[in-house]
Amino acid sequence: EKFKAFPTTNTGAIRLPAFYVGVYEAVDDPSLNSIISWSTSNRSFIIWNPEEFHRRILSTSVQLLSPDYSTFFSQLDFHGFQRIKGSGHLEFGDTYFVRGKPELMKEMRIRSVLKRIQKAREEELEDRLPLLRI
């Protein structure tokens, strides 16, 4: 059964962009385990077969909106996923990306949006600093 963690009606619930849903569905699909799967921690995913991942998932998934790896990795970063250092694999995760708990990704989205807002404010402040120095 497909991922249905969020209501289709607007009840004030935080809706996830399709990218989150697409990543979760791909990782959680047992038929794709030889290509992409949950890590043993159940808090990250590993791309086991990059070629097949590109051919079968990236090039066909409307939700991931990523025609190539560069775009996909940029989207992962934009949406709050972090590369797991020291893994030796293409592994990405987040505190709120947890197997069996897709509803936690709402927190992941909130955090990534707040981080982008903070970064934009900092950049705006940096742009104004020369004006303050008289």
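Mentor: Before we start, two residues are in contact when they have heavy atoms within 4.5 Å of each other. The model is predicted.

Trainee: Which residues does F45 touch, leaving out those up to four places away in sequence?

Mentor: F45 touches V23, V27, I36, S37, W38, S39, L76, F81, L90, E91, F92 and F97. Each of these therefore has a heavy atom within 4.5 Å of a heavy atom of F45. F45 is also among the residues with the most contacts inside the largest nonpolar core, as are V23, I36, F72, F81 and F97.

Trainee: What makes that a nonpolar core, and how many residues has it?

Mentor: Its members must be buried, of nonpolar types such as Val, Ile and Phe, and joined through side-chain atoms within 4.5 Å. The largest set of this kind here has 26 residues. Helix 1 (18–28), strand 1 (36–38), strand 2 (44–47), helix 2 (50–58), helix 3 (69–78), strand 4 (90–93) and helix 4 (105–132) each give two or more residues to it. Helix 1 supplies the largest share, seven residues.

Trainee: How do you know whether helix 1 is mostly covered or mostly open?

Mentor: Buried requires under 20% relative accessible area, and nine of the eleven residues of helix 1 are buried. They are F19, Y20, V21, G22, V23, Y24, E25, A26 and V27. Helix 1 is therefore mostly covered. Over the chain, buried residues make up 32% of the 134 residues.

Trainee: Why are strand 2 and strand 4 called paired?

Mentor: At least two bridges are needed. Strand 2 and strand 4 have four, in the antiparallel sense, so they pass. One of the bridges joins I46 to E91 of strand 4. Strand 3 (residues 82–83) and strand 4, also antiparallel, have two bridges, so they pass as well. Q82 has G93 as its bridge partner there. Strand 3 and strand 4 form a hairpin with six residues between them, and G86 in the turn has a positive phi of about 80°.

Trainee: Why is the contact between R55 and E52 called a salt bridge?

Mentor: The limit is 4 Å from a side-chain nitrogen of Lys or Arg to a carboxyl oxygen of Asp or Glu. The R55 and E52 side chains meet at 2.8 Å, N to O, so the pair qualifies. Both residues lie in helix 2, three residues apart, about one turn of the helix.

Trainee: How many salt bridges does the structure hold?

Mentor: It holds two. The other joins R111 and D94 at 2.1 Å, N to O, so it too meets the 4 Å limit. R111 lies in helix 4 and D94 in the loop between strand 4 and helix 4, so the pair ties together parts that are 17 residues apart in sequence.

Trainee: Are R111 and D94 buried or partly exposed?

Mentor: R111 has 33% relative accessibility, between the 20% and 50% limits, so it counts as partly exposed. D94 has 4%, under 20%, so it counts as buried.

Trainee: In what order do the elements of the chain run?

Mentor: From the N terminus on, they run α-β-β-α-α-β-β-α, which comes to four helices and four strands.

Definitions and conventions:
Residues are numbered from 1 along each chain as its sequence is written. This is a predicted model: local features need pLDDT of at least 70, side-chain atom pairs count only at pLDDT 80 or more; totals for chains, interfaces and linings use all residues. Side-chain values use heavy atoms; hydrogens and water are left out. Buried means under 20% relative accessible area, exposed over 50%, partly exposed in between (1.4 Å probe, protein chains only).
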